[in-house]
Amino acid sequence: MIAELRSITDIWKRMPSEMHARRFLERIIWSTGRHCPHCGSFASSALRGRTCRPGLYQCRDFRLQFTVTTLTPMQGTKLDFRIWICAMFLVFTSSKGISSVVMARLLGVNQKTAWKMGHAIREMMDDRNGELMPLEDIVEVDEAYVGGAPKSLSGAYNPSGKGTGKPMIFVAASRDGQARARVVPNDQRATLELVLLEWIDPATTNLMTDGSKSYRSLGKTMADHQYVIHSQKEYANPETGAHVNTAEAVISQVQRALVGVYHNLGRKHLQRYLDEIVWRWNHREPVREVVKQWRTKAGIERDKSTTIWRPIPVVDQMHVLLQSAVGKQVRRSKEYGLCWP
Ligand SMILES: [Zn+2]
């Protein structure tokens with residue numbers, strides 16, 4: 001079993017033919033044993049013969065045929081599986097995301113193909129099956145309005161923040177390294193509460209927010225609530241430990257990806273890009289702690305510790321990604337876009 005893939009060349013070296021890549025994917029997707037994605041049966045046999053594609057199986061219960069990609073966003077692909085593995089490698093390892101133009105150039109496919117692969121991978125990254133680690137203890141939440149200036153105004157006046165018609169994103173991050181992000185229609189308490197309750201358990205959560213009104217009333221339903229008032233230039237409260245720097249760090253990842261990589265991002269696809277950015281955030285591990293010493297203006301020595309994080313191994317990420325892939329189909333629409341059945 002391949003334990004880690006270190007580079008694109010490594011992928012092609014370890015998988016000299018497409019069959020190797022298919023076996024690699026099969027071992028991941030069917031890590032508990034080959035089973036039929038239609039009915040779940042573990043009794044199946046390989047279909048052999050000249051007319052059969054390699055990797056085609058048939059379940060014994062309902063005689064349904066399937067391959068490793070059936071009912072996943074990769075279903076019906078004509079691409080070499082090694083290209084798919086490389087595409088996943090690029091998405092996992094590009095710290096701010098990778099545009100379809102760059103991916104197309106690196107993999108030798110056309111841009112539309114790369115764009116579709118990117119979206120298929122992001123589709124597998126969403127957490128609809130609830131596999132992410134829970135948000136616990138201290139959870140920071142914050143919101144942001146994202147996106148650039150409208151096309152007609154590009155390079156000109158680009159207002160930011162509330163009331164500009166830009167999509168609003170709502171972010172929650174626990175201080176132990178897990179995060180969530182969602183595109184939401186507005187910042188009213190009812191809207192935010194519905195989303196937040198999907199992510200956390202109010203009975204055990206210590207919520208950290210800024211001082212906005214929605215959060216103050218929302219905080220009353222939590223085990224504990226602390227806030228900092230940004231409009232009074234309060235960004236951290238050393239006594240209560242209140243700050244929302246973790247949530248703001250997630251938001252800045254989003255802003256950087258949107259400015260630097262995914263320009264002209266449609267509102268339609270925004271959630272999927274958020275899923276990708278949050279995926280990378282959630283699949284890291286702490287490597288070490290760096291302690292910096294500094295002196296305040298009053299001359300007091302203080303320590304500031306920062307945790308250095310690195311992404312978990314690519315093959316481990318593929319395990320998580322592909323094990324929740326079944327049931328997340330993406331189809332090609334007639335207009336060469338995407339549609340979700
Ligand atoms: Zn079946």
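1. Two strands pair if DSSP finds at least two bridges between them. Helices (H or I, at least four residues) and strands (E, at least two) are DSSP runs, numbered from the N terminus. On that basis, β5 and β6 form a hairpin with 4 residues between them. G177 sits in the turn and has a positive phi of about 110 degrees.

2. This is a predicted model: local features need pLDDT of at least 70, side-chain atom pairs count only at pLDDT 80 or more, and totals for chains, interfaces and linings use all residues. Residues are numbered from 1 along each chain as its sequence is written, and side-chain values use heavy atoms, with hydrogens and water left out.

3. Overall build. The protein has 10 helices and 14 strands. Its C-alpha atoms fill a box of roughly 80 × 45 × 40 Å, taken along the principal axes. Of the 341 residues, 45% are buried. Buried means under 20% relative accessible area, exposed means over 50%, and partly exposed lies in between (1.4 Å probe, protein chains only).

4. The zinc site. Which residues coordinate the zinc ion? C36, C39 and C59 do, each through SG, at 2.2 to 2.3 Å. Along the chain, the donors follow the spacing C-x2-C-x19-C. The pair C36 and C59 links distant parts of the chain, 23 residues apart. C36 lies in the loop between α2 (18-29) and β1 (44-46), while C59 is in strand β2 (residues 57-59). Both C36 and C59 are buried. A caution on counting: donors are N, O and S atoms within 2.8 Å of the metal (3.2 Å for Na, K and Ca), and water is not among the atoms, so sites may look incomplete.

5. The sheet that holds C59. Strand β2 also belongs to an open sheet of 3 strands, in the order β1-β2-β3 with antiparallel pairing. The edge strands are β1 and β3 (65-66), each pairing on one side only. Between β1 and β2 there are 3 bridges. S44 stands opposite C59 in β2.

6. Positive phi values. Most residues other than glycine have a negative phi. R63 has a positive phi of about 55 degrees although it is not a glycine. R63 is found in the loop between β2 and β3, and is exposed, with a relative accessible area of 59%. L71 is another non-glycine with a positive phi, about 65 degrees. The loop between β3 and α3 (81-93) contains L71.

7. Strand β5. Is strand β5 (residues 168-174) enclosed or open? Its 7 of 7 residues are buried, so β5 is largely enclosed by the rest of the structure. M168, F170, A172 and S174 point one way, and I169, V171 and A173 point the other way. Both sets are buried.

8. Neighbours of β5. Strand β4 joins β5 through 7 bridges, running antiparallel. V139 has S174 as its bridge partner in β5. β5 also pairs with strand β6 (residues 179-184) in the antiparallel sense, over 6 bridges. There, M168 stands opposite V184. A144 lies in strand β4 (residues 138-145). With 8% relative accessibility, A144 counts as buried.

9. A parallel pair. Strands β7 (residues 206-210) and β8 (residues 224-228) run parallel, joined by 5 bridges. The bridge partner of L207 in β8 is H225. From β7 the chain crosses through helix α7 (residues 213-219) to β8, and this β-α-β crossover is right-handed. Right-handed means that, with the strands pointing away from the viewer, the path from the first strand over the helix to the second runs clockwise.

10. How many cavities of 30 Å³ or more does a search of the whole structure find? The search finds 1. About 30 Å³ of space lies in the largest cavity. Its lining residues are I29, W30, H35, P37, T67, V68, T70 and V326. By class, the lining has 5 nonpolar, 3 polar and no charged residues. Here Ala, Val, Leu, Ile, Met, Phe, Trp, Tyr, Cys and Pro count as nonpolar, Asp, Glu, Lys and Arg as charged, and the others, Gly among them, as polar. A cavity is a set of points on a 1 Å grid over the protein atoms alone where a 1.4 Å probe fits but cannot get out, and lining residues have an atom within 4 Å of a point. Grid points are joined across faces, edges and corners, and a volume is the space filled by probe spheres set on the points.

Note on methods:
On a 1 Å grid over the protein atoms alone, a cavity is a set of points where a 1.4 Å probe fits but cannot get out, and a pocket is an open set with protein on both sides within 12 Å along at least five of seven lines; lining residues have an atom within 4 Å of a point.
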